[in-house]
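Visitor: I am new to this structure. Please walk me through it and tell me what each label rests on.

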Amino acid sequence: MESRNATILVVEDDRHSATLLTDLLTAHGYRVLCEASGLAAVERAREAVVDLVILDLRLPEQNGFVVAETMRRNPATIGLPIIVVSAYNDRQNRLRAYRSGVNVVLSKPVDTAELALIVGNLLSLVQNQQDRRLRSGD
Amino acid sequence: MFRRKRPRELSSIQQLWLTSFSLPLVLLFILFITFVTVIMFRRADRNIANLLGRAQTIAWTEYDRFFSRGTSSLTLLATSLGKGVVSDYRALPTVLTEYPIMDLWFITDSRGRVLLSSAENQAPLLDSLTESTRAAWQEGKTFNSTEVVTLDLLRSYNPLLAERAVVEQVGELSRSYGALIQVVAVPYRQGSDGTSGAIVGVHLLNNDNSIAAQIAAKIPDSFSTLSVGGIRVAGNLSSPHVPTYVGQQQTPDLISTIQQGKRFYGRVRLGNELDHLVVSDPIRDSNGRVIGAITTGHPSDGLASLKEDTVVYIILSALLCWSAVFVVSSLASRRWADPISALAKLARQIYEADDVSPQHLTLLKGLPPAMTREIENLQLCVSRMTISLFEKNEEAQRLVKELGVERNELERLAQQLQEANATLEARVEEKTMELRNAMLDLVASNNLKSKLLANTSHELRTPLNSIIGFSEMLTGGFYGELPGPQRDRVQIIAENARYLLKLINDLLDVSMVEQGKLTLELQVVDLTDLVTSALQLIRHDCDMNQIQITTELEPDLPAVSVDPTRIKQVLYNVLSNAVKFTERDGEITVQTMASAGEVTVVVRDTGIGVNERDQLYVFDEFYQAENTSYRKQAGFGLGLPLSKKLVELHGGRIGLKSILGKGTTITVTIPIK
């Protein structure tokens, strides 16, 4: 699978931020799905084919930590790269996020160039792992 | 109140006078009298000794009288025979018998044989007499001696004479005392037929009181005795209870002294009553043997009674003297003590009374007259003192009355004061409660402020996310290339948004430090690395403004234990401040150095500087400098205050020196832990 065609789930309750991320990722050639609540995001990740999740921590219904933990418990989403982009970027919250299974924590306002590079790297890492598994499976 | 019954341990003047003066005086008096009396007795004893000496001389004279009279009588007879006045010795007895002192006589021939004798039996002459006779005849001179013969021998001569020699009262003591006889032998030569021999006269001294009579006649009260072998054979020694001491033994010390052939002088006690002073001389026979003693004495009974009397007189006169002194000194000391006692009584009345009354003043006039100047002084002083006390007492009573009035007033005032105080206390309590509540509110609101600050800064990030993100995407050409001027303006939006973001971050940090929520994550690091990486962050801006950066970094900087993120933040703040206020083509110098226990980073710029007044406040949060040039540069922001807090959190310090228009130097010092 080409990385350009990867699907990224953006979980963000702030409409403008969601638009920013959608614009950015679309511009980099990714397919973007948006969800404004935690519960919906978990549901969406389980149903649709998603390659990476960008998660806000402060969310309605379920906060980002819970979303990440739920995803890590579900076999369908267990290997999904999760990037947190949040205004709550103090150390305590960062550590809690990593313990919940998050791969990268970025703070708001996010550096768009940095985010794009991290997304690309994580996706190619996952891609390489899948390729290796396919080869060994054959 | 006062113990009036005090033990009488203190002496009064009277006692003091008696003990310290009169008693020693009396003792001295007694001593003196005794001394004089003893001297007098010594003298009296010496007089008695003289008297006895005389008596003894008289006694000896009287004793010798027989020898002299006997010698002269017998010599007369011998001469008569020689001249033929008396025809024959046979005619002599009639003459001899007329001599009453001759108790016994013998006429012997030249060989000592008795021719004629007054003895009843024609007994031979005793040996010692024979010797005497022979000596008298042969040497042709008279011979005197004293001898002792036994009573039996004497009896053989003449029983009557022997009876005379018996001393009464000897009793069972002894009959061996013998008879003391005086012998006179005179040689004769008969004229007619030439017959020669000796006429021997014997005088018995036993019971012969003629010596004693002579002594008694010349010295009244004196006595004299003759003794043989310690037993008195003649004399007039007697006492009121014992008619005579003849026939009794003499005292042992007298006997022993006489036996040694010495004169005895001393005191002799007869029985239990009589004391005598006695002189006794030994009597020797023709062989020089001590056979008896002649003794004279004077009763010292009178002396003894005199001595007892004297003691009585002394004691009596001492007592008299003492009582006289006692009476006189009692009277005298009472006269001295009375005024003092009167004063003491007055003083006691005053202190026992509640206050000094006029009655006490009248008592002052009744004081006894003073005997001495001192007492007069004392009386005067006590009088003045009493009067003064009286006056002061009057004054005090007046004052007490006034005070009573004032006290009532004061009590009323105190009452009012107490009420006012109670009201005040209630109000203070009320105000304290209000203050406490206000303070609690303040604490709560301060906490609220910090919380609000934290929340707000988070809330502000979200819109900034969109602003910065979209600005970047717009300038990055995500929505197509923008024309030059638009692109520049979007750039300005992005810059301001980033500055705003930094302000928000600093605000959050300050708030956390103030709440004490900021914890340092200490690591041992090389400060040079932090300085270098902080310099990397500003290099771009410096290049843009053509600001030259010079570094003077100490190569062997000691490692420090710090939170690298926070120190890097501090260094970045300081450096970016320097860049901000440095004009184009300016210079920034960064220097590191190590001193005792400390590491210092100095950042010096050639910027616009800070005026002296503002230097005091640059580390205060929210301080807005008035200098217009700061406003142009958007002020200090929160960078320096936050840096100060972070450095102080590390135990270090931060300082600023500046000359307006010349530049600023900021010094960051961190201790090596």
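Guide: Chain B has 673 residues, and 41% of them count as buried. This is a predicted model.

Visitor: What makes a residue of chain B count as buried?

Guide: Its relative accessible area must be under 20%. Of the residues of chain B, 41% pass that test. In chain A, with its 138 residues, 51% count as buried.

Visitor: How do you know how far to trust chain B, and what is its mean pLDDT?

Guide: The mean pLDDT of chain B is 81. A value of 70 or more is reached by 90% of its residues. Residues 627-634 of chain B have a pLDDT below 50. In the model this stretch has 16 contacts beyond near neighbours in sequence. Where pLDDT is low, the predicted coordinates should not be read in detail. For the complex, the predictor gives an ipTM of 0.78 and a pTM of 0.42.

Visitor: What is the secondary structure of chain B?

Guide: Chain B has 16 helices and 17 strands. Take its contacts between residues at least 6 apart in sequence: 66% join residues at least 24 apart. Chain B exposes about 38500 Å², and carbon and sulfur atoms supply 57% of that.

Visitor: Which residues form the nonpolar patch on the surface?

Guide: The patch consists of Leu23(B), Leu27(B), Trp322(B), Phe326(B), Val327(B) and Leu331(B). Together they have about 540 Å² of accessible area. Helix 1 (13-83) and helix 8 (301-352) of chain B each supply at least two of the residues. Helix 8 of chain B gives the largest share, 4 residues.

Visitor: Why is Leu23(B) called partly exposed?

Guide: Leu23(B) lies in helix 1 of chain B. Its relative accessible area is 38%. Buried means under 20% and exposed means over 50%. The value for Leu23(B) falls in between, so Leu23(B) is partly exposed.

Visitor: Is Asp585(B) buried or exposed?

Guide: The relative accessible area of Asp585(B) is 57%. The cut-off for exposed is over 50%, so Asp585(B) counts as exposed.

Visitor: In what order do the elements of chain A run?

Guide: From the N terminus on, the order is β-α-β-α-β-α-β-α-β-α. That comes to 5 helices and 5 strands. Of the contacts in chain A with a separation of 6 or more, 62% are between residues 24 or more positions apart. The accessible surface of chain A is about 6900 Å², with 48% belonging to carbon and sulfur atoms.

Visitor: Why is helix 3 of chain A called mostly covered?

Guide: Of its 10 residues, 7 are buried. They are Gly64(A), Phe65(A), Val67(A), Ala68(A), Thr70(A), Met71(A) and Arg72(A). Their cover includes strand 1 (7-11), helix 2 (38-47), strand 3, strand 4 (82-86) and helix 4 (91-99) of chain A.

Visitor: Why is Glu61(A) called exposed?

Guide: Glu61(A) has 62% relative accessibility. Exposed means over 50%, so Glu61(A) passes. Glu61(A) is in the loop between strand 3 (52-55) and helix 3 (64-73) of chain A. Its phi is positive, about 70°, although Glu61(A) is not a glycine.

Visitor: Which residues does the cis peptide bond join?

Guide: The bond joins Lys108(A) and Pro109(A), with an omega of about -5°. Pro109(A) is in the loop between strand 5 (104-107) and helix 5 (112-137) of chain A.

Visitor: How many residues are in contact between the two chains?

Guide: Here 16 residues of chain B are in contact with 20 residues of chain A. The area buried between the chains is about 1700 Å². Carbon and sulfur atoms give 58% of that area.

Visitor: What makes the pair Glu521(B) and Arg91(A) a salt bridge?

Guide: The side chains meet at 2.6 Å, N to O. The cut-off is within 4 Å, so the pair qualifies. The count between chain B and chain A is 2 salt bridges.

How values were computed:
Residues numbered from 1 in each chain as written. Chains lettered and ligands numbered in written order. Predicted model: local features only at pLDDT ≥ 70, side-chain atom pairs only at ≥ 80, totals over all residues. Heavy atoms only, no water. pLDDT = per-residue confidence, 0-100. Contact = heavy atoms within 4.5 Å. Patch = residues over 30% accessible without salt bridge, like charges linked within 9 Å, V, L, I, M, F, W, Y side chains within 5 Å. Areas by Shrake-Rupley, 256 points an atom, 1.4 Å probe, with all protein chains shown as cover. Buried < 20%, exposed > 50% of the residue type's maximum accessible area, 1.4 Å probe, protein only. Buried area = accessible area lost by both parts, 1.4 Å probe.
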